[in-house]
Amino acid sequence: MPESTYSFKQLENLVKKNYTNPDLDLLRRAYQVALGAHQGKIRLTGEPFINHPLAVAHRLAEMGLHINVVVAGLLHDVVEDSEFGIENVREIFGDDIASLVDSVTKLKRNVNYRGVERYAENLRKMFLAMASDVRVVFMKFADRLHNLQTLYAQPKHKQERIARESLEIYAPIAGRLGMSEIKGELEDYAFAYLQPKEYERMKSIMDIKVREKGAYVSRTIDLVEKMLAEAEIENSQVYGRVKRLYSLFKKMKKYSDDLDKIYDLIAVRIVVSDVEDCYAALGVLHQKWRPVPGRIKDYIAQPKPNGYQSLHTTMFTSEGEVVEFQIRTQEMHELSEYGVAAHWRYKEGSGEQERNMRWMEELAQIQKELASKKDFLEQLEYMKIDVFNDRIFVFTPQGDVIDLPEGATPVDFAYAIHSKVGDKCVACRVNDVMRNLDTKLTSGDIVEIVTDKNRKAPNPDWLKFARTRHARKKIKDATRNTIKGWFADVLHGRERAKKG
Ligand code: MN
């Protein structure tokens, strides 16, 4: 598990290493602001609060995201914690950083989480819709990962809630964005709290396997390195990777605890320069060892839905062991660890010294394509998540999420709750402010409907702005009934006050 405490000096050094000409002054100012804002505040772990934004910023810098994201990481809890408002952030740090901080702050709103699958999916959508910018999602992941690292200090009920939310909301989103490294970390932290016994069991299985197979795997790695060198496949890296505990747990369930059916407890990973070398390396392996039938997978020609690419093969190696190999380029590797974030890593180019030049070229190519099509503002636009652009997610005052089409109004909201609430609604409060019923709602709004029990029917004028089919139908039905009723009243010669 990675460290959880970093000094500003460590953050600064990492930024110097990973970025070309970073604005260190900007970074230092953000640190000063954060330091002031969290002055005297202590986390439950007993550490000064500033350790938290420092850890978050450090993680974002490790991911190589734009320096603005790192700065926003330092500032992400400032608005909530102090007099320092979002306007002050905007004044000192500019629009881009302010909008990142603002989005992260808005995402903190407490949501009732009930752990129902249907509901979880809704929350995932809401999370993405509200984040609106992929960079905000990365910030939330960094924030959540550090909170999980320090979860031991929280009271038990909070541990359970945060762990469940991480496993059911955050991890699947990370998975969908192809960020397997972060997904795996989120899952394993959460797993330890949610099923401590199973977690320990998986851990001891892994420990035993690593002890049993460790020496054998390192001999295999040495051998493969030699084989690749003989085949003149240059600049390759070969190393062992151990299966994550939660992922092992899921597989064990699938195979009814039969460990012999799980071939990738320890896999050997081969990272090479280009696609050609991937296939060449596969050929080298298959000439030496016999592949297990049905276990050769070409995710390069046919990537997984989240974009994952690699060649997988399982072989009966010498010494009678069965081993899975994963072959990929450096770029594929970065993509599988960081997913969509890989596209925005090292945006400013830098730190080439240790990085694979080839990969930098490939990345530069992707960026060139991006840049040729769009200017900077359009690129920002490109980063925005448009999957759920046509939906908004608003809250009841109790924290329940209501999913509505874009342009929906409080009337749609009222009918989404219950048709009686719709029929009797007279006014509304949006984020605690009285608003007209035709106000367009936006994701994250908290909407409270004021009803009047004496109200007989909805106002037909609402049809001018009601967006959902459900609300429109209810309004039409109700007004039709009222008119019928009114005619009936007139026919019976009785007077009837027209309402609505
Ligand atoms: Mn935080």
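Buried means under 20% relative accessible area, exposed means over 50%, and partly exposed is in between (1.4 Å probe, protein chains only). Helices (H or I, at least four residues) and strands (E, at least two) are DSSP runs, numbered from the N terminus.

This is a predicted model, where local features need pLDDT of at least 70 and side-chain atom pairs count only at pLDDT 80 or more, while totals for chains, interfaces and linings use all residues. Residues are numbered from 1 along each chain as its sequence is written, and side-chain values use heavy atoms, with hydrogens and water left out.

**Exercise 1. Work out why helix 17 counts as largely enclosed by the rest of the structure.**

Step 1: Find helix 17, which covers residues 410-417.
Step 2: Pick out its buried residues: P410, V411, D412, F413, A414 and Y415.
Step 3: Six of the eight residues are buried, so helix 17 is largely enclosed by the rest of the structure.

**Exercise 2. Sketch the whole protein chain in a few numbers.**

Step 1: Start with secondary structure: the chain has 19 helices and 11 strands.
Step 2: Now burial. Of its 500 residues, 50% count as buried.
Step 3: Next come contacts (heavy atoms within 4.5 Å). Take those between residues at least 6 apart in sequence, and 67% of them join residues at least 24 apart.
Step 4: Finish with the accessible surface (Shrake-Rupley method with a 1.4 Å probe; for residues, only the protein chains shown count as cover). The total for the protein chain is about 24900 Å², and 50% of that belongs to carbon and sulfur atoms.

**Exercise 3. Find the protein donors of the manganese ion and see which parts of the chain H76 and D143 tie together.**

Step 1: Donors are N, O and S atoms within 2.8 Å of the metal (3.2 Å for Na, K and Ca); water is not among the atoms, so sites may look incomplete.
Step 2: List the protein donors: H52 and H76 each use NE2, while D77 and D143 each use OD, at 2.2 to 2.4 Å from the manganese ion.
Step 3: Write their spacing along the sequence, which is H-x23-H-D-x65-D.
Step 4: Check burial. H76 is buried at 1% relative accessibility, and D143 is buried at 7%.

**Exercise 4. Describe how the rings of Y299 and Y308 meet.**

Step 1: Know what to look for. A pair of aromatic rings is described by the distance of the centres and the angle of the planes.
Step 2: Apply the cut-offs. Rings of Phe, Tyr and Trp (its six-membered ring) pair if their centres lie within 6.5 Å; planes under 30 degrees apart count as stacked, over 60 as edge-to-face and the rest as tilted.
Step 3: Count the pairs: this rule gives eight aromatic pairs. For Y299 and Y308 the centres are 5.9 Å apart and the planes are at 70 degrees, so the pair is edge-to-face.
Step 4: Look at burial too: Y299 is buried at 18% relative accessible area, and Y308 is buried at 15%.
Step 5: Spot a cluster elsewhere: ring pairs link F191, Y199, Y246 and F249.

**Exercise 5. Which charges lie over the face of F49?**

Step 1: K41 lies over the face of F49, at 4.3 Å from the ring centre.
Step 2: R43 lies over the face of F49 as well, at 5.8 Å from the ring centre.

Technical notes: A charge sits over a ring if NZ of Lys or CZ of Arg is within 6 Å of the ring centre and within 35 degrees of the ring normal.
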